[in-house]
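Student: I have a model open and would like to go through a few of its features with you. Could we start with how some of the helices sit against each other?

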Amino acid sequence: MEVLAIDTRLGELQPEFWQAAGETLLMATTALVLGGLLGLALGLGLYLTRKGGLYANRPLQVVLNVVVNFFRPIPFVIFVAALQPLARVVVGTGIGTPAATFAIVVAATFGISRIVEQNLVTVSPGVIEAARAMGASRSRITFRVLVPEALGPLVLGYTFAFVAIVDMTAIAGVVAGGGLGSFAQRFGFRQFDSVVMWASILLLVALVMVIQLGGNLLARRVLRR
């Protein structure tokens, strides 16, 4: 009888469940797009300003490294709470899905910047030197040679980042951030409903598996060009 009651409750929560799933997808995709672009810019800055880089600038390199190294290790559950005052200024609220999305975008920016930098380092210096010898400008080398050469590993890196972002959306739910994390917390954990909890977990796992498979296929296609 208890199992039937739990199953019935999950059926009653279907609207909230799918709304939470939509919130998770919205937060994750927004964070991947905005955090991905900002992380790409920051990662390029880290790589290009290093010693021997196309835009070598030691002071700027030090500043960028310090900023990234300061924010990146902060646990997200603390980070999202610490950013509440700034979120109120930027998105108008310190709680809910908008504030959580803002925090995830900021956290993703710093995480992705290191992924970008590490993948750009793998590009052979000979390829860049050949482009410079042909008279290509620094900006042309950056976007026509450097980024395309690292595109396959970058796709895998962004896939990994998306998985981490989905994890952050679940953590954001603990602080009223919305999404499946909040749904599982309110209707599963607090009400001792294991079916609701596992329904949220399985949907998150399915989302991650689909994204991982898509990222792997895309990276394989890029690497075969």
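Student: At what angle do α5 and α6 pack, and how far apart are their axes?
Tutor: In this predicted model, helix α5 (residues 84-91) and helix α6 (residues 96-121) pack at an angle of about 110 degrees, and their axes are 10 Å apart.

Student: Roughly parallel or roughly perpendicular, then?
Tutor: Roughly perpendicular, because angles of 65 to 115 degrees are counted that way.

Student: And which residues make the contact?
Tutor: From α5 the contact is made by Leu86, Ala87, Val90 and Val91, while α6 contributes Pro98, Ala99 and Phe102.

Student: Switching to the surface, which residues make the nonpolar patch?
Tutor: Leu60, Val63, Val67, Phe70 and Phe71 make a nonpolar surface patch of about 420 Å². Among them, Leu60 lies in helix α3, which covers residues 58-71, and Val63 lies in helix α3 as well.

Student: How exposed are Leu60 and Val63?
Tutor: Leu60 is partly exposed, since its relative accessible area is 38%, and Val63, with a relative accessible area of 46%, is also partly exposed.

Student: Last one, Thr24: buried or exposed?
Tutor: Thr24, which is placed in helix α2 (residues 14-48), is buried, because its relative accessible area is 2% and the cut-off for buried is under 20%.

Student: What does Thr24 touch, leaving aside neighbours within four places in sequence?
Tutor: With those neighbours set aside, Thr24 is in contact with Thr169, Gly179, Leu180, Leu204 and Leu207.

How values were computed:
Residues are numbered from 1 along each chain as its sequence is written. This is a predicted model: local features need pLDDT of at least 70, side-chain atom pairs count only at pLDDT 80 or more; totals for chains, interfaces and linings use all residues. Side-chain values use heavy atoms; hydrogens and water are left out. Patches are made of residues with over 30% relative accessible area and no salt bridge: like charges are joined within 9 Å, nonpolar side chains (Val, Leu, Ile, Met, Phe, Trp, Tyr) within 5 Å. Accessible areas come from the Shrake-Rupley method with a 1.4 Å probe; for residues, only the protein chains shown count as cover. A salt bridge is a side-chain nitrogen of Lys or Arg within 4 Å of a carboxyl oxygen of Asp or Glu. Helices (H or I, at least four residues) and strands (E, at least two) are DSSP runs, numbered from the N terminus. Buried means under 20% relative accessible area, exposed over 50%, partly exposed in between (1.4 Å probe, protein chains only). Axes are lines fitted to C-alpha atoms, for helices over the stretch in contact, and angles run from 0 to 180 degrees between N-to-C directions. Angles under 35 degrees count as roughly parallel, over 145 as roughly antiparallel, 65 to 115 as roughly perpendicular and the rest as oblique. Contact means heavy atoms within 4.5 Å.
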